[in-house]
Amino acid sequence: MNLPAADASRVKAAIRDKALALGFDAVGFARAALADEARRNLAGFLAQNLHGDMGWLAANSDRRGDPRVLWPEARSVVVVAMNYAPEGDPLAVLDQPERGAVSVYARGRDYHDVLKSRLKALGRWLTETQAAGVPGDVKVFVDTAPVMEKPLAASAGIGWQGKHTNLVSRQFGSWLFLGALLTTLDLPADEAHGDHCGECRRCLDACPTNAFPAPYRLDARRCISYLTIEHKGPIPREFRRAMGNRIYGCDDCLAVCPWNKFAKKGDAAFEPRAALTAPRLADLAGLNDAEFRRLFSGSPIKRTGRARFVRNVLIALGNSGDCGQADRAARLLDDDAPLVRGAAVWALAKLAPGRFAEARDRRLPIEPDADVRAEWLAGAADV
Ligand code: B12
Ligand code: SF4
Ligand code: SF4
């Protein structure tokens, strides 16, 4: 929908003001199109299978690679960002092996809910404003829709995709959530942001699992965030020790970025829950399904479900070196979920090799699941 230039600038300024008033920390405008480079990189990423078993990323790749395939009438994208910078060192919990490290983004309210409700309010306001004279239509997207938010945010001038592949801002460092609102309005795009990584490579060197085959490229299959959140099967052995006590997501590459020094504490909507800043592994391992759902209601963690989450907790327990936790692991050898049983076998093998051998002789012959049997046969071996 074409607007006269003066009107377009006025509408753009009004949208920006409204977005900031609704609590977004940064706002930018881009064409509803991705640069060929982003589309090519997505195709390369998928062709090399770097997405692992995130089939949904490949399934919508034509729409993901081009917002106008997603919505042909779209002309502009309003990209919004919210600051979730933590107070204090988010990696300090990594030195407490009896506790679980939950990544900063998952310590408070689910960001999808927060961004989506604010974006919807922006969309509603725009629709009402349109009814009062500005024509056009809007659609709102946060994360789950097939939209490449990072390259769009970079073209909208909010920041640049750093060598860790996330969007970095000079003002907020690496701690930004992104969302997008597509509109049929033709609004002037902001200037794309340049790259300010320079010679730095701190994020690449900080990664515990060497998940970056090259700067600006991520092999998701090696990333602890993928392994603990998206991956549905047993955690591959080669990454278990490197996971340490990270039980949901990972912040290592984000936290070491020097641009974080300019970030002020994030929005109050993301205030961490006390129970999730450094929870005791022993408590988390004991959660049943109902307790899991209660504890993580309103948190992004609930989406992985109890089995995947307790799997992660058991890997962290195995890494804790605390033999006193062997009972906790042994109790989960009879869990209904094979994913949990398998991780319990590994944790027991790590914490109490004698008990492991004894339990194996009794349980291996009656174990129905092939993956769990493989755990009994491999014991504590790392690869
Ligand atoms: C899939 C996904 C993941 C996957 C894959 C991550 C990834 N880097 O792609 C996994 C599960 C690993 C993941 C992890 C995390 N995620 Co995530 N994730 C997404 C999601 C849904 C899609 C991203 C995507 O399209 N990936 C596909 C690849 C191809 O895209 P890309 O990274 O942009 O790839 C570029 C480069 O790799 C480069 N490239 C590729 N090949 C080549 C080759 C050459 C030669 C070169 C130079 C470049 C190059 O070009 C690509 C395109 O621009 C977005 C939400 C969304 N809808 O956009 C959130 C999103 C990216 N995630 C987010 C967050 C917060 C995280 C975590 C920090 C969470 C955590 N603490 O655990 C980690 C960070 C891990 C990391 N270092 O990336 C935020 C990032 C916000 C920001 N500031 O950028 C997003 C935007 C969600 C949101 N709405 O805020 N995530
Ligand atoms: S999130 Fe962690 S595992 Fe994933 S790339 Fe960053 S440092 Fe590596
Ligand atoms: S740590 Fe360094 S290389 Fe990595 S994103 Fe930040 S500035 Fe770029």
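**Entry 1: ligand 2.** I started with ligand 2 and found 13 residues around it, with C207, C223, C250, D252 and C253 coming nearest. Here I count a residue as near a molecule if its C-beta atom, placed from the backbone, lies within 6 Å of it. My helices (H or I, at least four residues) and strands (E, at least two) are DSSP runs, numbered from the N terminus. By class, I get nine nonpolar, three polar and one charged residue around ligand 2. Nonpolar means Ala, Val, Leu, Ile, Met, Phe, Trp, Tyr, Cys and Pro; charged means Asp, Glu, Lys and Arg; the others, Gly among them, are polar.

**A note on the model.** This is a predicted model, and I kept to its limits: local features need pLDDT of at least 70, side-chain atom pairs count only at pLDDT 80 or more, and totals for chains, interfaces and linings use all residues. Residues are numbered from 1 along each chain as its sequence is written, while chains are lettered from A and ligands numbered from 1 in the order in which they are written.

**Entry 2: ligand 3.** Next I looked up ligand 3, which 13 residues surround; G162, C197, C200, C203 and C257 are the closest. The shell holds eight nonpolar, two polar and three charged residues.

**Entry 3: ligand 1.** I then listed 37 residues around ligand 1, and N41, N166, L167, S225 and G249 come nearest. At least two shell residues come from each of α2 (36–47), α7 (149–155), β7 (176–183), α9 and α11. Which element gives the most? It is α2, with five residues. I sorted this shell into 23 nonpolar, eight polar and six charged residues.

**Entry 4: domains.** The assignment, automatic or from a database, gives domain 1 (5–183) and domain 2 (280–378). I find their C-alpha centres 36 Å apart. Seven residues from domain 1 and 13 residues from domain 2 make the contact, where two residues touch if their C-beta atoms, placed from the backbone, lie within 7 Å.

**Entry 5: the core.** The largest nonpolar core has 108 residues, and V79, A81, V313, L314, A344 and L348 touch the most other members. Such a core joins buried Ala, Val, Leu, Ile, Met, Phe, Trp, Tyr and Cys residues through C-beta atoms within 7 Å; buried means 20 or more other C-beta atoms within 10 Å of a residue's own, all placed from the backbone. Helix α17 (residues 338–351) supplies the largest share, ten residues.

Terms used. Buried ≥ 20, exposed ≤ 12 C-beta atoms within 10 Å, placed from the backbone.
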